[in-house]
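Thanks for making the time this morning.

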Amino acid sequence: MSVAEEFKFSLKVMINREKTKVLFAEVDSDFADVLLSFMTLPLGTIVRLFQKHYGKQAPVIGSLNSLRKGLDELSNAHFWTKQCKLMLLNPRSSFKDECGKLKLNLDHDTPPARYFTCENWDCYWPRYENVGTCYYIDRCSCGKPLNREIGITPSTQPNDCQVFTSNTTSFLISDHLSMVPNVTGSVIQTLSILGITDIDGAELRIVTVGFNEIMDLLKGSLFSRTPLTDLILNKRRLIDFDAEKSEPGSLLHEMVKEVANSNSKKMIVKVMIRKSTNKLLFAQAEEDFVDFLFGFLTIPLGRVESLLDGNARLKSIDNLYRSIANINGDKYLKSEENGMYVFLLWVLMCTCAILRPGSYVKGTGMFMVKDDLTIKPLCMLSSISILNDQKIPLSDVKELELEIGLTEGLSILRASLTSACALTDGLMVNRILMKQPKEEH
Ligand SMILES: [Zn+2]
């Protein structure tokens with residue numbers, strides 16, 4: 001067991017009179033840092049951590065498990081370098097070094113980053129602006145690939161300092177993970193922010209929380225509306241993703257619409273539909289769309305929330321994200337160069353980075369993308385076997401060509417977090433089909 005796994009936190013927890021619900025927990029800045037570090041975890045890392053920790057009982061996050069499995073099974077020959085595939089399988093958080101200072105770091109086993117600079121020794125562009133972690137993939141401002149490895153001196157900050165929060169502040173966390181600084185002021189107002197209306201007969205408990213419990217909390221933050229109650233009173237809740245079903249794509253941020261209406265790149269995808277049932281069988285796509293989908297695994301949770309305007313339908317993580325956005329950053333969060341304040345800015349500024357230049361996947365042919373985002377090389381045999389396995393005659397199949405821009409891309413991202421039919425839900429295939437003229441049979 002690593003040092004990171006041995007550390008234990010002591011939380012003060014207020015429980016209701018009936019002992020059925022955690023009202024709130026009071027936590028120190030070390031614990032708050034760990035909670036905020038959830039936001040720095042790339043989606044692929046969360047899938048990997050769950051699989052490592054829970055084994056066969058690992059929860060399935062929408063279509064992300066099948067997306068990662070398909071990536072793992074895809075031959076190295078489809079990637080520009082072997083490193084590209086490894087990087088997608090083990091994405092590194094930009095906050096990896098910062099998170100190394102946490103009292104308990106969930107992502108402690110991802111290998112340290114390697115840094116690369118311009119291959120041109122005489123490049124005149126500033127080196128500090130042109131350092132990347134993706135060999136050959138990241139590009140220098142001069143256009144050449146960043147493929148000359150350089151060493152970067154690790155930060156000399158002492159290990160006992162805070163990572164994201166200020167160390168003089170403690171925080172209150174509600175059952176559904178809204179977080180507020182624990183400061184003297186209006187008690188009623190603070191309780192109301194946390195959604196607490198009744199504290200009659202409430203009981204204080206001291207609870208010890210270690211690595212296993214933090215993993216359960218990460219899981220609960222994605223799947224439960226009451227993660228603290230689940231953790232502390234051991235109430236297992238059913239996963240209820242559909243409770244907040246809303247129009248897919250309709251809640252995307254206005255800013256995203258603006259970007260989408262600009263000259264952002266569009267990808268072309270052909271979807272195969274079974275006419276008699278209007279079910280999506282699979283999509284046929286080139287490497288740009290495949291690159292885009294694999295890129296989901298590298299997006300940190302906090303950036304996913306910012307892209308989806310704090311409404312990723314990821315239960316309590318949505319609340320945590322929105323509550324952080326409301327905290328006075330100057331006062332309660334670290335504002336030094338590597339602190340939380342910068343983290344928030346970074347999360348908010350990177351809205352457009354979802355359509356990245358440079359690619360991981362080589363254009364070696366077409367790919368088949370299943371509804372659950374399993375990706376395979378497209379070949380006639382595999383297409384036919386899908387039809388044969390489901391006993392679908394060719395006459396019952398039609399092909400639609402769709403354009404995927406940023407709006408559609410974000411809609412697929414959102415669906416991939418909660419749905420095993422990410423393409424159908426993300427592309428609103430059912431709605432597109434309703435608009436199609438009826439065909440004679
Ligand atoms: Zn250069």
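Which strands does helix α2 lie across, and at about what angle does α2 run to β1? Before I answer, please keep in mind that this is a predicted model. Helix α2, residues 29-37, lies across β1, β2, β5, β6 and β7, and runs at about 85° to β1.

Those strands bring us to the sheet itself, which is open, has 5 strands in the order β6-β5-β2-β1-β7, and is paired in the antiparallel sense. Its edge strands are β6, residues 179-181, and β7, residues 203-209, each of which pairs on one side only. From one strand to the next, the twist averages 25°.

Let me go through some of the pairings. Strand β1, residues 9-15, is joined to β2, residues 22-27, by 4 bridges, with the two running antiparallel, and here Met14 has Phe24 of β2 as its bridge partner. The antiparallel pair β2 and β5 is likewise joined by 4 bridges, and the partner of Phe24 in β5 is Ser174. Between β5 and β6 there are 3 bridges, again in the antiparallel sense, with Leu172 partnered by Val180 in β6. β5 and β6 form a hairpin with 4 residues between them, and Leu177 in the turn has a positive phi of about 70°.

Now to the metal site. The zinc ion takes its protein donors from the SG atoms of Cys118, Cys123, Cys140 and Cys142, which lie 2.3 to 2.4 Å from the ion. The angles among the 4 donor atoms are 103 to 118°, and the site is tetrahedral. Along the sequence, the spacing of the donor residues reads C-x4-C-x16-C-x1-C.

Turning to the interior, in soluble globular proteins nonpolar side chains tend to be buried together. In this model the largest nonpolar core has 101 residues, and those with the most contacts inside it are Phe50, Leu106, Phe289, Leu293, Phe294 and Phe296. Helix α8, residues 211-223, supplies the largest share of this core, with 7 residues. Apart from it lies another core, of 8 residues, including Phe282, Ile386, Ile392 and Val397.

If we set aside its neighbours within four places in sequence, Phe289 is in contact with Met267, Val269, Val369, Ile404, Ile412 and Leu423.

I will finish with a glycine, Gly405, which sits in the loop between β12, residues 397-404, and α17, residues 406-418. Gly405 counts as buried because its relative accessible area is 1%, where the cut-off is under 20%. Its C-alpha atom is separated by 9.0 Å from that of Ile268, which is 137 residues away along the chain.

Conventions:
Residues are numbered from 1 along each chain as its sequence is written. This is a predicted model: local features need pLDDT of at least 70, side-chain atom pairs count only at pLDDT 80 or more; totals for chains, interfaces and linings use all residues. Side-chain values use heavy atoms; hydrogens and water are left out. Buried means under 20% relative accessible area, exposed over 50%, partly exposed in between (1.4 Å probe, protein chains only). Two strands pair if DSSP finds at least two bridges between them. Axes are lines fitted to C-alpha atoms, for helices over the stretch in contact, and angles run from 0 to 180 degrees between N-to-C directions. Contact means heavy atoms within 4.5 Å. Donors are N, O and S atoms within 2.8 Å of the metal (3.2 Å for Na, K and Ca); water is not among the atoms, so sites may look incomplete. Four donors count as tetrahedral if all angles lie between 85 and 135 degrees; four count as square planar and six as octahedral if opposite donors are over 155 degrees apart and all others between 65 and 115; anything else is irregular. A nonpolar core is a set of buried Ala, Val, Leu, Ile, Met, Phe, Trp, Tyr and Cys residues joined through side-chain atoms within 4.5 Å.
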